[in-house]
Amino acid sequence: MPSWRSTLTTAGITDPRLRADYTDAARRVLRREPAPYLALRLLAAPALVPWLAAGLAFMNRVDDVAETGSADRRAAGLKELGTEVRRALETGDSPDPLLRAYAHAVDSRGLPTDWVFRFLDGAATEEAVFDGCAAEEEFQAYLDAYAWPGVLVFTGLQYQGGPDAEQAAGWRRFVDAAQRVDFLDLTAPGLRAVAATMTELMEHQLTAVERAGAGALRKDVGYGFTAPLRTLVRARARRPRTAT
């Protein structure tokens, strides 16, 4: 793994102040989400790492403001942050090193700012007041307003000029699936082991379908017996004795 200094250089970030700004953004990601940070550092092309680190730090910053404190505090925080972001994108400068790094990343990579403002608007209208989805239509509206642009303000930085229509649509499909899995944290405590187990079983079934290939069209591919039994034994061992 190349050093962080050489990673910045590979991405063409040579200005000392900007290098410090990107370093600040990367450290924020490391503190909040060490696993994604390590995945970026170990697996992503070094030239993309600083842009994506800044994007992930920005996405986390908006998410944190939208979910912290009372409704009034969230609304005020998002309004203030929105003003700061707009100023940073327009001028390329900000008192906040994270916003300086992100504004530089957006400008350098040519990410359309419409995605950024859609994300900020969605944070205020959807995430800050979110209390679940009563129907599929509400879930899809949540994705379009907040989750989809939230992913693209981060992942969209990998594309010079921003994602094209096909790439954006691909990330829309990804976030649909990812958000459904994420919402399993909404399950009642007494049913969380079941939800986790069913997710693991479905993953096993998808693997079986891939292994069967065209044969899946001629014969039903189920869970089998041995793998589900192992899954259930592990789940039972992990299950808290006092779960209700």
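Predicted model: local features only at pLDDT ≥ 70, side-chain atom pairs only at ≥ 80, totals over all residues.
**Salt bridges**

The structure holds nine salt bridges.

| Pair | N to O distance |
|---|---|
| Asp21 and Arg100 | 2.7 Å |
| Asp64 and Arg32 | 2.7 Å |
| Arg61 and Asp96 | 2.6 Å |

Take the side chains of Asp21 and Arg100, which meet in a salt bridge at 2.7 Å. This pair links distant parts of the chain. Asp21 sits in helix α2, residues 16–32, and Arg100 in helix α6, residues 97–109. The two are 79 residues apart. Both Asp21 and Arg100 are buried.

Next comes the salt bridge between the side chains of Asp64 and Arg32, also given as 2.7 Å from N to O. Asp64 lies in helix α4, residues 49–67, and Arg32 lies in helix α2, so this bridge ties together parts that are 32 residues apart in sequence. Asp64 has 30% relative accessibility, so Asp64 counts as partly exposed. Arg32 is partly exposed too, with a relative accessible area of 36%.

Helix α4 supplies another partner. Arg61 forms a salt bridge with Asp96, and the closest N and O atoms are 2.6 Å apart. Arg61 is in helix α4, while Asp96 is in the loop between α5 (71–91) and α6, so the pair connects parts 35 residues apart in sequence. Arg61 counts as partly exposed because its relative accessibility is 22%. The cut-off for buried is under 20%. Asp96 is buried, at a relative accessible area of 12%. Which residues belong to the network formed by salt bridges that share partners? The network joins Asp24, Arg28, Arg61 and Asp96.

**Helix α4 and its surroundings**

Helix α4 has 19 residues. From its first C-alpha to its last, α4 reaches 27 Å, close to the 27 Å expected at 1.5 Å a residue. The helix is mostly covered, with 15 of its 19 residues buried. Just after α4, Gly69 takes a positive phi of about 90 degrees.

Val29 belongs to helix α2. Its relative accessibility is 1%, so Val29 counts as buried. Val29 and Asn60 are 31 residues apart along the chain, and their C-alpha atoms are separated by 8.1 Å.

**Aromatic contacts**

The count comes to seven aromatic pairs. One of them is Trp115 with Trp148: the ring centres are 5.1 Å apart and the planes stand at 70 degrees, so the pair is edge-to-face. Trp115 is buried, with a relative accessible area of 11%. Trp148 is buried as well, at 15%.

Tyr142 and Tyr146 give a tilted pair, because their ring centres are 6.0 Å apart and their planes meet at 50 degrees. Both residues are in helix α8. They are four residues apart there, so about one helical turn separates them. Tyr142 has 4% relative accessibility and counts as buried. Tyr146, at 5%, counts as buried too.

Which aromatic residues form one cluster? The members are Phe58, Tyr102, Phe119, Tyr142 and Tyr146.

A charged side chain also meets a ring. Arg86 lies over the face of Phe117, at 4.1 Å from the ring centre.

**A nonpolar surface patch**

Met1, Leu38, Leu42 and Leu43 make a nonpolar surface patch of about 490 Å². Leu42 is found in helix α3, residues 34–43. Is Leu42 buried or exposed? At 57% relative accessibility, Leu42 counts as exposed. The cut-off for exposed is over 50%.

Technical notes:
Residues numbered from 1 in each chain as written. Heavy atoms only, no water. Patch = residues over 30% accessible without salt bridge, like charges linked within 9 Å, V, L, I, M, F, W, Y side chains within 5 Å. Areas by Shrake-Rupley, 256 points an atom, 1.4 Å probe, with all protein chains shown as cover. Salt bridge = Lys/Arg side-chain N within 4 Å of Asp/Glu carboxyl O. Buried < 20%, exposed > 50% of the residue type's maximum accessible area, 1.4 Å probe, protein only. Phe/Tyr/Trp six-rings, centres within 6.5 Å; stacked < 30°, edge-to-face > 60°. Lys NZ or Arg CZ within 6 Å of the ring centre and 35° of its normal. Expected span 1.5 Å × (residues − 1).
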